[in-house]
Amino acid sequence: MSLSEDVGRIAEVAERYAAPGEELAAVVPVEPASGERVYLCAFAQADGTQSWLGLDDRGTPLRNRTLVRDAASIAALVEIAEESAAVPTGDEPRLASPAYLDSLGAVANGTVAGALQSALPAIDELTRDLELNYKLELE
């Protein structure tokens, strides 16, 4: 099954967790550790507020705070690295992972490291927002 098909499958499961007036805004596939897939699902309300839910590869909601936080951090780092390396992202999903992040750093001749360093406060803010607006109790 392709990554696009996986994301579509998880999106169908994630939509079941949308609250009234909320819609699924994004599904971000992340591999925080080799062989461990997390799908970060962002939900949006009409007023702009967001909530989050992490699902594993079977579509089961995740409650492990460390795992969800690690996945969010890696996803944010990859997005910043892609922007600083001017990598075209296209419409196809990509798997955010430490290995992919390393490959972006290797092709960008050092510009990625500076961008990531300056973005650390924003990444911390994102992970705090995710924890505060997570749909389930994190352990």
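**Exercise 1.** Which residue in the hairpin of S2 and S3 takes a positive phi?

*Solution.* The model is predicted, so local features need pLDDT of at least 70 and side-chain atom pairs count only at pLDDT 80 or more, while totals for chains, interfaces and linings use all residues. Residues are numbered from 1 along each chain as its sequence is written, and side-chain values use heavy atoms, with hydrogens and water left out. Begin with the two strands, S2 (residues 36-45) and S3 (residues 50-56); strands (E, at least two residues) and helices (H or I, at least four) are DSSP runs numbered from the N terminus. S2 and S3 pair in the antiparallel sense over 7 bridges, where pairing requires that DSSP finds at least two bridges between the strands. The hairpin has 4 residues between the strands, and Gly 48 takes the positive phi, near 95°.

**Exercise 2.** Describe how strand S3 is placed in the structure, and find the bridge partner of Phe 43 in it.

*Solution.* First consider burial, which means under 20% relative accessible area, with exposed over 50% and partly exposed in between (1.4 Å probe, protein chains only). Because 6 of the 7 residues of S3 are buried, this strand is largely enclosed by the rest of the structure. Next, the bridge partner of Phe 43 in S3 is Ser 51.

**Exercise 3.** Which side chains make polar contacts with the side chain of Glu 22?

*Solution.* Glu 22 is found in strand S1, and with a relative accessible area of 12% it is buried. A polar contact is a pair of N or O atoms within 3.5 Å, where within protein one must be able to donate a hydrogen and the other to accept it, and residues adjacent in sequence count only if both atoms are side-chain atoms. The side chain of Glu 22 makes such a contact with the side chain of Ser 51 (2.6 Å), and another with the side chain of Lys 135 (2.6 Å). Finally, the charged end of Lys 135 sits over the ring of Phe 43, 4.6 Å from its centre; this requires NZ of Lys or CZ of Arg within 6 Å of the ring centre and within 35 degrees of the ring normal.

**Exercise 4.** Is Arg 37 buried or partly exposed?

*Solution.* Arg 37 is found in strand S2, and at 22% relative accessibility it counts as partly exposed. Its side chain makes a polar contact with the side chain of Tyr 39 (3.2 Å).
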